Amino acid sequence: MGLADSHCHLDDRQFDTDRPEVIERAREAGVSYLLAIGTGDGPPDLEAAIRIAERHAPIYATVGIHPNDAAKATPDTFRRLASLLRHHEVKAMGEIGLDYHWGVPKETQIPVFREQLAIAADAQLPIVIHTRDAWSDTLEELRTHWTPTGLPCLLHCFTGDAEQARECLDLGFHLAFGGVTTFPKSHGIREAVRVTPIDRLLLETDSPYLAPAPYRGKRNEPAYVAHTAKVVAEIRGISVEELAAKTTGNFERLFRITPAEDSKSNH
Ligand SMILES: [Zn+2]
């Protein structure tokens, strides 16, 4: 069985004491691919995920400015992002988007979001979207500035309901479900899992955050994607093996992982 964790923060300080073991446990749990999100502590460091991806075969990277770091972006940041998108380990721009939860003004966030959409479109790469308390603005930006590109978009840590899932699916987007899906009160999210076509569904951990049951409240790690997979398979009424095959196939297609890269040597 090969699972794919489409969203993990492996550079996070919470992994500083045992990062190699965390990656090894993911492998043992049947995780074939990991997408390390490169937003890190924000600019000027844009290479947090690339540094990790370069050392471990099953790990690929993203680069991007998280909306909470929007105020740290400069013209030089955008120039460097454009160049880093050509790095062979980088498979997407992310996580980018809008987050109105922490009080960063929208006037600061929206231009940074739009600039990154333009850079990703130029590079012809997919985007990984973060949205929090900013649903309608995020969808509006994507509808206007991304859908016309025809390029893929993955909504990370999808915690909306079936209706919000349909809004995204109508725009052609993919949805990634994480640990929150396993919580007892997440009825709306489980409805969203039900209405998502299997070829648009991905799994993620968002580790070290949002661990699935039975690890809720603990540090999350990529191996735990197996617990979310089990719950999602149950909701869909299919075997975990079938879910793994489909979601990992989706990961390979979305992020254009080629068999040659898949077998790249571990160094
Ligand atoms: Zn994240």
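**Reading the terms against the values**

Tutor: Helices α3 and α4 are roughly parallel to each other. The model is a predicted one, in which local features need pLDDT of at least 70 and side-chain atom pairs count only at pLDDT 80 or more, while totals for chains, interfaces and linings use all residues. Residues are numbered from 1 along each chain as its sequence is written, and side-chain values use heavy atoms, with hydrogens and water left out.

Student: Why are α3 and α4 called roughly parallel?

Tutor: Helix α3 (residues 75-84) and α4 pack at an angle of about 30°, their axes being 10 Å apart. Angles under 35 degrees count as roughly parallel, over 145 as roughly antiparallel, 65 to 115 as roughly perpendicular, and the rest as oblique, so α3 and α4 receive the word parallel. The axes are lines fitted to C-alpha atoms, for helices over the stretch in contact, and the angles run from 0 to 180 degrees between N-to-C directions. Helices here (H or I, at least four residues) and strands (E, at least two) are DSSP runs numbered from the N terminus.

Student: Which residues make the contact between α3 and α4?

Tutor: On α3 they are Phe78, Leu81 and Ala82, and on α4 they are Val112, Glu115, Gln116 and Ile119; contact means heavy atoms within 4.5 Å.

Student: What makes α7 and α8 roughly perpendicular?

Tutor: Helix α7 (residues 187-195) and helix α8 (residues 225-236) pack at an angle of about 65°, with 9 Å between their axes, and α7 and α8 are therefore classed as roughly perpendicular to each other. Arg190, Val193 and Arg194 of α7 meet Val232, Ile235 and Arg236 of α8 in this contact.

Student: How do you know that His9 is buried?

Tutor: Buried means under 20% relative accessible area, exposed over 50%, and partly exposed in between, with a 1.4 Å probe and protein chains only. His9 has a relative accessibility of 9% and therefore counts as buried. His9 is placed in the loop between β1 (3-8) and α1 (19-28). Leaving aside neighbours within four places in sequence, His9 is in contact with residues including Phe15, Ile37, Glu95 and Asp206. Between His9 and Asp206 there are 6.5 Å in space, C-alpha to C-alpha, although they are 197 residues apart in sequence.

Student: Why is Thr248 called buried?

Tutor: The relative accessible area of Thr248 is 7%, and Thr248 is therefore buried. Thr248 lies in helix α9 (residues 240-254), and, when neighbours within four places in sequence are left aside, Thr248 is in contact with Gly2, Leu3, Ala4 and Tyr33.

Student: What makes a set of residues a nonpolar core?

Tutor: The members are buried Ala, Val, Leu, Ile, Met, Phe, Trp, Tyr and Cys residues joined through side-chain atoms within 4.5 Å. The largest such core has 68 residues, and those with the most contacts inside it are Ile127, Leu142 and Trp146. Its largest share, seven residues, comes from helix α4 (residues 106-123). A second, separate core has 14 residues, among them Ala4, Ile37, Ala92 and Phe255.

Student: How do you know that the buried residues of α5 are on the same side?

Tutor: In helix α5 (residues 135-145), the buried residues are Thr138, Leu139, Glu141 and Leu142. They cover an arc of only 160° around the axis, and therefore lie on the same side of α5; the arc is that of the directions from the helix axis to the C-beta atoms. Among the elements that cover them are β4 (90-99), α4 and β5 (127-132).

Student: Is Asp133 buried or exposed, and what value decides this?

Tutor: Asp133 has 52% relative accessibility and therefore counts as exposed. Asp133 sits in the loop between β5 and α5, and its phi is near 50°, a positive value in a residue other than glycine.

Student: What makes Cys157 a buried residue?

Tutor: Cys157 has a relative accessibility of 17%, and so counts as buried. Cys157 lies in the loop between β6 and α6 and has a positive phi of about 45°, although it is not a glycine.

Student: Which peptide bond joins Ala213 and Pro214, and what is its omega?

Tutor: The bond is cis, with omega about 5°, and Pro214 lies in the loop between β8 (201-203) and α8.
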